[in-house]
Structure formats: C-alpha cells, structure tokens
Amino acid sequence: MTLPSTANGGPGGKRVRTRYAPSPTGNPHVGNLRTALFSYLLARRYGGDFLLRIEDTDQNRLKPGALTNILASLRALGMEYDEGPDVASVAALDAEKYGEVPRDLLPDKGGDFGPYFQSLRLPRYREVIDRLLEDGKAYYAFETKEELEAMRAAAQVRGEPFLYNRRYRDLPLAEARARVAAGEEAVVRLKMPVEGPIRTVDYLRGETVWDAKTQDDFIILKGDGFPPYHLAAIVDDYDMRISHVLRGEEWLPSFPKHVCLYEALGWEMPVFIHTPYVLGPDRKKLAKRTGAQPVVGELELVNEKTKEVEVIYGYVDHEGVLPEALFNFLSLVGWSPGEDREVLAKADLIEAFDELEKPAISRAPGIFDKEKLYWMNGVYIRSLSREDLAERALPFLVKAGLVPADPDAATRRYVGEVIALEQERLTRLSEAPAAADFFFRDLPEYQDKGVNKHLKKPGAAGYLSDVAAAYADLSDWSVAEIERVTREAGARHERERGDITHPVRVAVSGREVGPGLFEMIEVLGRDRTLRRMSRAVELARG
C-alpha cells in the first residue's frame, strides 16, 4: 500500500503531522526512541509537524524526573518538536509527581492543539465518552475487581482467552447513571461488533481481517475517572490532526479496537504504520547487555531472574556516543536509505526518508548492534575538528579528575593536542581518560611488563640517558627533530627498529602502545618529557 505524495506532503493533500507519545514512567531507552525518530524523519521529510504528547493517564506509575529525561533525550538527539509541553503547561503539573523540569528544555508556547498532557485533557475525554453513551455505542459496567478476576480464572481453567461477557451491555443508560450517581463504582466499555469481520489497514502490512468474536467490549473509562490508552490516544490523535501514527508492532493486536472506536465516533482515521520490533544481535528483546540504554541519564531495569534493580547509563552523557552518530545509527534500525549507504548526516537522512513514495521501513525486526554503533561513532569522532573533539571530550576528562572543571586557555589547547593524537583510536569519548591519562599526570604509571621488557635490559639506562641529553639540547622541539636525535642516539648505541623506540615509549608514557611516539613527545613538551626520562633511567638502574 503506497500513499501518493502531494505538494503538502500528506495523503489527499493533508499536512503530515506525526507524534511521539511516551509515558513519564521511566527514562526511555533507544528502542523506544527509534519509532519516535521515524516519526520525526517523516514529518521533516514532508515539511510537516512533529508533536510531543505526554500520555500520563496512569497516575500511579508516574516517576519523578521521567518527563525531564524524555525532553532531554529528544534535545540530545536534535529532535526538536513543533508542538508539545511548554512552560505554562509544565508549571500546572504536580512537581512531586513529575519532578522539577529545567526551564531551558521547554518552549514558551507549545502549540495550538494543546494541552499536550493527557492528564490536562480529562474534560475532553469525558465529552467524547458521554457522546458514545448517548449514542448507544458504549455502556457502564459494574463488575467488581473480584468478579472480573473470577471470570479470568474460569477462562484459564477452560484454556480459553478471557473475553468480557458483556453482562451490562443492554442496561438502560438512565438506570446505569442512577447507579453511578448513587456511588456505585463503574467503568465504561465500548460496544464492539459481536460478529462479522473487522478490517484493519496497516501501511506496511496492508489489510488484515479479524473475527469480531475474538474481540471483547474494552474499557474506555476506568473507575478512577481516567481513560486508558485506547480512548485517550485516539481522541488526541483526532483533535491534534495527526495524519500518520507510527507506533510499535506490539500494538497490532489492539488495532481492531481502535478501528472500531474511530468508526463509532465517525472520525476519519490517520494512516497507521506499525514499526518493527527492535532486537539485540541475539534476536531477542533488547536487554541491558545488548543495548537497552537511555540516550542520557539513568535507567532502572529489573532483572527478570533475580528481580534486582540494575542501573544503566546514557549513551551520550555516560559513554560518549556523539548525538549525531546515535541519530544516524538509530535511523537504520529497521529502515534503509538504499544504495548500501550507512553514514549519513541528519539532513541526508531526512531527504532519504521518502516513505510515502518508496516505503523502506522493514516488516522484519530491526537489529540494534552496539558494536556497529561504536564503529559508526568512531567514524563520526574521526570527522571532528581538533577543537570540536576537545570540547566534547573535556567533560569526560574533567569527570576523571585529569583536567580542572574550568580549564584555562592553555589547558584547553593542550587537551586539543592530546585528544587529536588519540582521535583515530577512539570509538567513544568515555575512552579518552583511559587512553590519554598519562598525558595529564606528572609522571605516568609505569606498567611492570613494559619496565621489565624494555627498561631493565642491559644498556637501557645508558641509552635513555643519552636520548634525554639530546632532548635537552634540542632548539627546535618538533616531531622531525625529536625523531632525528632519537634515531641518532639509537645508532650510537647500535640499536635497531623497536629497540630504538620501545624503551623511549615506555619511558615517557609508561605503556607499550599508544599514539605515534614522536608526535606524543612533541605534545608532552620538553619539561614533561625530561622528567619522565629521568624517572625511567632510575627505574632502569633500579
């Protein structure tokens, strides 16, 4: 099923409007955000609008700070929303439930179709529910929790899926309202077809025919006065003029319910695009070890076996994955721009996401491979200028205690010189402290293996003393001159190849491997290098 492209982007000339509608019950991980990214790309590709809507009707599961995590994740990925939470609407929330939200994460004006929090839209839901009740398309149901549990248990004994028995479907509305007015607790259920086919159309899968007998009358208003997702999302999508609903394929079993609700209300449906699952390389549900991490901040996961809570940390702020690399990589999890292209800038990804002409979202699960993400991040790191790389690596060096929190200009220049030497090897910015810590210490930590192998050899002390003297006399502290006098000292001591460079490398860095030796010595500078050479001579003689 391919929808035509028009001047206004959407089917039938409609403006493309998509949405990301998370629940503030935790920090979203990359698997959740992949579908949001698809929604963003579609809206940007066709000159439309990308909305952020907060689905917070389940007030018992709200987690303070989750809203901030959602906003910060979108900000980090560069997924700015056109409509959504603003300063005024967030100020109206209960800070104890939602947490304090930094002002700089919010626009002054959220849009013309708000509020964008479902908890602030309850009167509108009530209006729609009352209309369905009046039209005879919904009804009050009065079963207690215990009665429903007994029905479920009986169905389980019979080996059948639980379907509500429609006990109150034909109860007169006036009688039902009288019982509610008297204080009896009730829910409201939609009257689903009791027989015949229910047809649903998904953009990726085409038409599916469902037997109405497999569906029951689902709840559209809970006993606490809040609507569940099934009603609230449909009302919001209609009111906010959403043209394309991109959501995970786990919602396919609920699709018949949503189609019937649209039909009951007489509303035109948006285009539904059920995106594929995001799995790990083992083709199982994305887990901690396979990549289920947040973009920024922390995420608590419950170990299914031990039931212990594990904390995992963000790709961007903890691991040092560049936002543009993560954006690029996530866009390819379940979608392909074609022509074997992988490393694409944001603008190129938007241009390539011509999903309404050439559908390329896969029906097969998307595979999230952390190692491929790190490879791609390395490509992006290598493309950065020295100044940009230094600024991005600086927070990780500060956190490691290698650089002061407010470094002066000279320290910043030094950081730039150091990180440029490590640039080719980095796959994450969080690797920078371990890779470069010896540059920032007065003396490196000498590893026993390297000392025993290269400094304890006969003649090493004399050789290093000769090299140090040559360095002290250098008038031009440059890579070429440092290399020249080092090799000349090696020749005087009848050394060749590795016997020339390896002892010097261990002497100045404490390590056997690292960036180019002579480039490293140039960046270290004369004073640092001579202090280290002196210490290495002591170790060699020791």
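1. Patches are built from residues that have over 30% relative accessible area and no salt bridge, with like charges joined within 9 Å and nonpolar side chains (Val, Leu, Ile, Met, Phe, Trp, Tyr) within 5 Å. Accessible areas come from the Shrake-Rupley method with a 1.4 Å probe, and for residues only the protein chains shown count as cover. On these terms, Val302, Val309, Val311 and Tyr313 make a nonpolar surface patch of about 330 Å². Strand S12 (residues 309-313) gives the most to this patch, with three residues; Tyr313 is found in S12.

2. The model is predicted: local features need pLDDT of at least 70, side-chain atom pairs count only at pLDDT 80 or more, and totals for chains, interfaces and linings use all residues. Residues are numbered from 1 along each chain as its sequence is written, and side-chain values use heavy atoms, with hydrogens and water left out.

3. Helices (DSSP H or I runs of at least four residues) and strands (E runs of at least two) are numbered from the N terminus. Helix H5 (residues 122-134) and helix H8 (residues 229-239) have axes that come within 10 Å and cross at roughly 105 degrees. Axes are lines fitted to C-alpha atoms, for helices over the stretch in contact, and angles run from 0 to 180 degrees between N-to-C directions. H5 and H8 are therefore roughly perpendicular to each other (angles of 65 to 115 degrees). In the contact (heavy atoms within 4.5 Å), Arg124, Tyr125, Val128, Ile129 and Leu132 of H5 meet Leu231, Ala232, Val235, Asp236, Tyr238 and Asp239 of H8. The residues of this contact divide into eight nonpolar, no polar and three charged. Ala, Val, Leu, Ile, Met, Phe, Trp, Tyr, Cys and Pro count here as nonpolar, Asp, Glu, Lys and Arg as charged, and the others, Gly among them, as polar.

4. Helix H18 (residues 460-473) packs against helix H20 (residues 498-509) at an angle of about 75 degrees, with the axes 11 Å apart. That makes H18 roughly perpendicular to H20. Tyr463, Leu464, Val467 and Tyr471 of H18 form the contact with Asp499, Ile500, Pro503, Val504 and Ala507 of H20. The residues of the contact divide into eight nonpolar, no polar and one charged.

5. The structure holds 47 salt bridges (a side-chain nitrogen of Lys or Arg within 4 Å of a carboxyl oxygen of Asp or Glu). One of them joins the side chains of Asp49 and Arg17 (2.9 Å, N to O). Asp49 lies in strand S2 (residues 49-52) and Arg17 in strand S1 (residues 17-20), so the pair ties together parts that are 32 residues apart in sequence.

Conventions. Parallel < 35°, antiparallel > 145°, perpendicular 65-115°, else oblique.
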